[in-house]
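This report is written for a reader who meets the structure for the first time. It turns to the pockets, then to the packing of helices, and ends with the backbone.

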Amino acid sequence: MSSASDSPAISISNLSKTYATGFQALKGVSLDIKHGEIFALLGPNGAGKTTLISIVCGIVNRSGGTVTVDGHDISKDYRAARSLIGLVPQELTVEAFETVRNALTYSRGLFGRPPNPDFVEKVLKDLSLWDKRDEKIITLSGGMKRRVMIGKALAHEPRILFLDEPTAGVDVELRQDMWAMVRRLRDNGVTIILTTHYIEEAEEMADRVGVINHGELVLIEDKTELMRKLGRKQLKLELRKPVKDLPAKFARYELEIGDDGSQLTYTYDNQAERPGVASLIRDLDEAGIEFRDLDTENSSLEEIFVNLVRKTP
């Protein structure tokens, strides 16, 4: 296994894809994914997430650019590159009349791995599928079928796992289970790339977040740094006495007055030029406006994402 100090797990350089219709799905995307990280690729439907994954996994041909997987070029050294990757696609594609255990065993064999019933058993137990091991896949619920697909992707012991919209249409309990499983995989050194439009998935799971829109990477950022840079904060002040309006000098704060006049809301960016909280409180004090409580809120990744996508044409 490569260490984090070696070459990236995946290196994508100036990747483009134009379909026969003329539709440009990817426009010069460059991205390095580190060993052992969870990278979330966020974007609205049609942004290019699945196309990007499909090219790396050898399902779709690229129009331009280069991709290497742990140093292996995906064209020149396809088998070596592909053997390192597990892919869980968005669509449920499973052999209806195969048993759960056989599906994983077969998938492992497809990649030329020797039989290893103990490893298959471990994967099935990790995915809470052991008690279903001899059942035909057709009899399983949608959530269980999704687990089988993850099991199949893991059966050949890949070092890199792609999860394309892994919890689409999945119930909350299964979602939590899958997040726990993804963390365990990462703790075992597996690099995980997940595409999602569920913001809470990225917020819960990712070390870094890439935002893709109209085939372009709008930004790539460490998640906590992204929250710090782009996160808006809100300060809510509960006033002792309601106010109808405020003196003119408060105009620069662009405060919102609650319906009954007893609450003021100040929205500010962490890096904004607008005056800070300390000066607002000082000005309120000078104006004789007293408050009995205050509360601050950080914006969620969802708001950041919406704002970013809004800014791109």
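## The largest pocket

By class, the residues that line the largest pocket comprise 8 nonpolar, 1 polar and 5 charged ones, where Ala, Val, Leu, Ile, Met, Phe, Trp, Tyr, Cys and Pro count as nonpolar, Asp, Glu, Lys and Arg as charged, and the others, Gly among them, as polar. The model is a predicted one, in which local features need pLDDT of at least 70 and side-chain atom pairs count only at pLDDT 80 or more, while totals for chains, interfaces and linings use all residues. Residues are numbered from 1 along each chain as its sequence is written, and side-chain values use heavy atoms, with hydrogens and water left out.

The volume of the largest pocket is about 280 Å³, a volume being the space filled by probe spheres set on grid points that are joined across faces, edges and corners. On a 1 Å grid over the protein atoms alone, a pocket is an open set of points with protein on both sides within 12 Å along at least five of seven lines, whereas a cavity is a set where a 1.4 Å probe fits but cannot get out; lining residues have an atom within 4 Å of a point. Of the 14 residues in the lining of the largest pocket, Phe 119, Lys 122, Leu 185, Asn 188 and Val 190 lie nearest its centre. Helix H4 (117–126) and helix H6 (172–187) each supply at least two residues of this lining, and H4 gives the most, with 4 residues; helices (H or I, at least four residues) and strands (E, at least two) are DSSP runs, numbered from the N terminus.

## The second largest pocket

The second largest pocket has a volume of about 210 Å³, and among the 14 residues that line the second largest pocket, Leu 87, Ser 107, Met 149, Lys 152 and Ala 153 are the closest to its centre. At least two residues of its lining come from each of strand S6 (85–88), helix H3 (100–110) and helix H5 (142–154). The classes in the lining of the second largest pocket are 7 nonpolar, 4 polar and 3 charged residues.

H3 and H5 pack at an angle of about 30 degrees, their axes 8 Å apart, where axes are lines fitted to C-alpha atoms, for helices over the stretch in contact, and angles run from 0 to 180 degrees between N-to-C directions. H3 is therefore roughly parallel to H5, since angles under 35 degrees count as roughly parallel, over 145 as roughly antiparallel, 65 to 115 as roughly perpendicular and the rest as oblique. Val 100, Ala 103, Leu 104 and Ser 107 of H3 make the contact with Val 148, Gly 151 and Lys 152 of H5, contact meaning heavy atoms within 4.5 Å.

H5 and H6 pack at an angle of about 10 degrees, with axes 11 Å apart, which makes H5 roughly parallel to H6. Here Gly 143, Arg 146, Arg 147, Ile 150 and Leu 154 in H5 meet Leu 174, Asp 177, Met 178, Met 181 and Leu 185 in H6, and by class this contact has 6 nonpolar, 1 polar and 3 charged residues.

## H3 against H4

The angle at which H3 and H4 pack is about 125 degrees, with their axes 10 Å apart, and the two helices are therefore oblique to each other. Val 100, Arg 101, Leu 104, Thr 105 and Arg 108 in H3 meet Phe 119, Val 120, Val 123 and Leu 124 in H4, and the residues of this contact divide into 6 nonpolar, 1 polar and 2 charged.

## Positive phi values

Most residues other than glycine have a negative phi. Asn 14, which lies in strand S1 (residues 10–18), has a positive phi near 50 degrees. Glu 165, placed in the loop between strand S7 (160–164) and H6, also has a positive phi, near 50 degrees.
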